[in-house]
Amino acid sequence: MPSTHKADQIDARLLLALAESPRATTIALADRIGLSRNTVQARLGKLDDSHALRTFERRIDPAILGYPLQAYILTNVTQRKLARVGAALDGIPEVLEVLGLSGVADLLIHVAVRNADDLYRVAGDILGIKGVKRTTTALVMREMVDYRIAPLVDKLID
């Protein structure tokens, strides 16, 4: 769910400090950016309430759990069955994220698997969902630019 909050420069400074030290206390964050603890606590509360802060899950590397291989599966679906397909994908533990697309495919499914045989199984499970018409799988060979948000936050401060 997208955030309903529009960040300002104070939020941006707070978010950068939090990105650099995610386990910092409210007092440490307040000291770092020169605000009161109450202001920082209130700002964090607003960011959290508006879904601007993502879950801790996004920081966990699937490899540490025994899923070192990642892939993206472009998927075409019957549009009227899209909700059913989404619900079925939610039931597959190896599915990390599903994005609805426009263009060449309807869904982009990010999966983490144990090995090539596991990928074959998961891709087959996805293809077996009623409403899925076609899939194309692309194996992640290497991360070129890791997920980041700091450059966008920096632009808000400048």
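Which residue forms a salt bridge with Glu-97? The legends below take up this pair and other close-up views of a predicted model, in which local features need pLDDT of at least 70 and side-chain atom pairs count only at pLDDT 80 or more, while totals for chains, interfaces and linings use all residues. Residues are numbered from 1 along each chain as its sequence is written, and side-chain values use heavy atoms, with hydrogens and water left out.

**View A. The salt bridge of Glu-97 with Arg-58.** The partner of Glu-97 is Arg-58, and the closest N and O atoms of the pair are 3.9 Å apart; a salt bridge here is a side-chain nitrogen of Lys or Arg within 4 Å of a carboxyl oxygen of Asp or Glu. Glu-97 lies in strand 2 (residues 95-100) and Arg-58 in the loop between helix 3 and strand 1 (69-77), so the pair ties together parts that are 39 residues apart in sequence. Helices (H or I, at least four residues) and strands (E, at least two) are DSSP runs, numbered from the N terminus. Glu-97, at 28% relative accessibility, and Arg-58, at 41%, both count as partly exposed, a class that falls between buried (under 20% relative accessible area) and exposed (over 50%), with a 1.4 Å probe and protein chains only.

**View B. The two sides of helix 2 (residues 26-33).** Leu-29, Ala-30 and Ile-33 are the buried residues of this helix. They cover an arc of only 100 degrees around the axis, which puts them on the same side of helix 2; the arc is that of the directions from the helix axis to the C-beta atoms. These buried residues pack against helix 1 (9-20) and helix 3 (37-49), where contact means heavy atoms within 4.5 Å. Ile-27 and Asp-31, on the other side of helix 2, are exposed. Just after the helix, Gly-34 takes a positive phi of about 75 degrees.

**View C. The salt bridge of Arg-32 with Glu-20.** The closest N and O atoms of this pair are 2.5 Å apart. Since Arg-32 lies in helix 2 and Glu-20 in helix 1, the pair ties together parts that are twelve residues apart in sequence. Arg-32 is partly exposed at 45% relative accessibility, whereas Glu-20 is exposed at 55%.

**View D. The salt bridge of Asp-8 with Arg-43.** Here the closest N and O atoms are 2.8 Å apart. Asp-8 lies in the segment before helix 1 and Arg-43 in helix 3, so the pair ties together parts that are 35 residues apart in sequence.
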